[in-house]
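Work through these exercises with the model open beside you. Try each task before reading its solution.

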Amino acid sequence: MRKNDRKVKSMSDRKKTLGLIAPSRRELLRYGAAGVTAGLAAPYVNRAWAQTTEINMLAWYGHGESDIVGAFEEANNVKFVPKYYAGGDNMLALIAQSPPGTYDVILSDAEFVQQLNLAGYIEPLDEADYPFDDMLHEDFAKFPGHWDGDTLFSMMVRFGHLGVSYNTTALSAEEAQSYACFWNDAVKGKVGHFDWHLPTLGMISLYNGNGAGLWDLDDARWDAVQETTLSLRPQVGGYFDYGGTFNSLKNGEMLAMCGIGDWITGVLEKDGAPVASVIPTEGGIQWTESYCIGKGSAKADLVKTFIQYMMSPEGQVKSAQMAAYPGHCITKAGRAMLNDVDPGESARTGQIDGLPNDPIVLIDEGRIHYRDIPVQQSLEDWNDFWSEYKNA
Amino acid sequence: MSDGAKGSTVYAMTFRLPLLVWSALFFLGPLLFMAAMSFFLVKNYRMTEAFETVNWARMLSRGYFWDSWRYTLGMAAAGAAAASLIAFPAAWTLAFRAGATQRRWAISLLIIPFFTSYLVRVFAWFVILAEAGPINAVIGGLGAGPVTMLNTPFGTLVGYLTLTLPLVVILQTLALSGVDRDQIAAARNLGCPPGRLLTAVVLPAAKTGLVIAALICFILSFGDFVSPYYLGGSTPPTLPILIIDTTKSGQQWPRAAVVALMMMATLITIAFAAVTYAYAKRGTRA
């Protein structure tokens, strides 16, 4: 009993002490919180008065950064809120899991536009809004999967080519002319992979001689692609995400990289790294990015203005000079402006009429194949094999 | 008397209840949901509720799952063994040789690494282990190399040790500090050689703490994603990387749940075995 009494007493004592401290602490907190709130809110007050409209963007990394959208934001009093993804499966999943209208503007890989449309995730566009009479290549006007009959669903905005990306101190330009260089002893244990099945397996399919039928593989050819890929495994030093791909090429950990192209090496080259990308004799793969308006977006008109801006010469130049990764212009006016303002980048990427490595010439020569999804297998089959390959 | 007991139960429960609620909310709840999710199906990139065993059948029949499982198990075991061996001399010195002040300083220094994010520390290794990094510069100066350390199992191991070594040193120091000094003195007086002193007196007396330290190292390494991904270059991938790969492609959360549950089953089995071993024949000691 006595013991309990003591406990009660000491507890009440403690309470008293707390009671004395509490008001002053509460006051302190109150004033502190008010001060902090006022301080933090100050920079936003102006913006709130100007009623900035937010545009939700779903895109590959870099498209919502200020080097691309900054000028448009300022001119139109909007603010882009980007959500970045890596890979078409990832993009589809993010849309599928969000309520309709979540994303106002969607930057999609071209081969996934058709799936976006089939699932009803995107709004139709009016072809009259965009410069279809100014395309550098006729394919760009009627890009596969972007039209449903005569209705436009997505506007192609940029593209780039994937081939052999290598360290110029390890492989010669002649050796890089074939995917066979990935099996070269000089790069043993130093071949990296961009960790996505689609571009790499496409390249191996080209190396196996499947040419234009690279995505349309019957069982025998699919088996052969898997076999060839597995034979590359002893050469492989790692599988990398976007950042890891940059790092390992830059610091020389990897001397050749499968599954990428100038979109990575171009940025490193500008930094002075001894890396390059070429389209080998077996052919290269084209990645294509297109803008869509999200179904149910309340800001469709603003997004239309934005896509028009990205199709304008100014927007095309911004895309070609994008800090995260460069993409070729698709309009003649865009290319002309790039030639004017950045002759160095124009020459480096071959975007000058008449150059032998002009990406448009490569397409015309039949050396470029548009990236697609597997025709006879499912994406799941390819991905399953990719997991197996990584563990082999 | 009974009033007092009741009072103390209520008093004790006020402190225990939050822990129970916390466990139920943040551990048991998600775990049960994950178990249920492993039977769901994914249609058009969207998860739909179902009760199908197809995810289990698929993942457990894949050779690459078992390859990853074996590799992860082996790497985590190697990590636990390496951490235990490297930590032991340090812990021995701190427990038996160092003064009280020295020990306090050493323990605070061992805690300081945890103030920095583990990811940041791993990225620091990225620079140090690179072929153009300082270690290879030294090796190059000696006329050898360069040695490839990044994107290898060695890189992964370095990452595991970064995560666990300070913790293992602390736990081993506590375990060794608990060894009865009189027993050590008695053994010495009776002419026990140093090697036998270690194996017959110190190790058995500190067994529980040493095994628990190795077990915690194993658990942390087994579930770590950062080291095998950034320092090991996913060659080959461990189970946490397989989980990421599975969710990334086609949003196969149910299949990832299967991998996660298999990981938990493995950990529980190993933890149970380790704890049984750690406390075996030592029931009399409090």
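**Exercise 1.** Which residue in β12(A) does A:Ile106 stand opposite?

Solution. First, the ground rules. This is a predicted model, in which local features need pLDDT of at least 70, side-chain atom pairs count only at pLDDT 80 or more, and totals for chains, interfaces and linings use all residues. Residues are numbered from 1 along each chain as its sequence is written, while chains are lettered from A and ligands numbered from 1 in the order in which they are written.

Helices (H or I, at least four residues) and strands (E, at least two) are DSSP runs, numbered from the N terminus. Two strands pair if DSSP finds at least two bridges between them.

Now look at A:Ile106. Opposite this residue in β12(A) stands A:Cys292. Strand β12 covers residues 284-293 of chain A, and 5 bridges join this strand to β3(A). The two run antiparallel.

**Exercise 2.** Trace the path from β1(A) to β2(A) and give its hand.

Solution. Start with the pairing. Strand β2 (residues 78-85) of chain A runs parallel to β1(A), joined by 8 bridges. A:Met57 has A:Pro82 as its bridge partner in β2(A). Next, follow the chain: from β1(A) it passes through helix α2 (residues 66-76) to β2(A). This β-α-β crossover is right-handed, meaning that, with the strands pointing away from the viewer, the path from the first strand over the helix to the second runs clockwise.

**Exercise 3.** In what order do the strands of the 5-strand open sheet of chain A lie, and which helices pack on it?

Solution. The order is β9-β8-β10-β7-β11, with mixed pairing. At the edges are β9 and β11 (275-278) of chain A, each pairing on one side only. Strand β7 (residues 164-167) of chain A runs antiparallel to β11(A), with 4 bridges. Here A:Ser165 stands opposite A:Ser277.

Then place the helices. Angles run from 0 to 180 degrees between N-to-C directions of axes, which are lines fitted to C-alpha atoms, for helices over the stretch in contact. Residues are in contact if their C-beta atoms, placed from the backbone, lie within 7 Å. Helix α8 (residues 242-250) of chain A lies across β8, β9, β10 and β11 of chain A, at about 145 degrees to β9(A). Helix α9 (residues 262-270) of chain A touches β7 and β11 of chain A, at about 150 degrees to β11(A).

**Exercise 4.** Count the residues each chain gives to the contact.

Solution. Chain A gives 24 residues and chain B gives 25 residues. On the side of chain A, the elements giving two or more residues are α3 (88-96), β9 (236-240) and α15 (379-391). The largest share, 7 residues, comes from α15(A).

**Exercise 5.** How many helices and strands does chain B have?

Solution. Chain B has 12 helices and 2 strands. Of its 286 residues, 31% count as buried.

How values were computed:
Two residues are in contact if their C-beta atoms, placed from the backbone, lie within 7 Å. A residue is buried if 20 or more other C-beta atoms lie within 10 Å of its own, exposed if 12 or fewer, and partly exposed in between; C-beta atoms are placed from the backbone.
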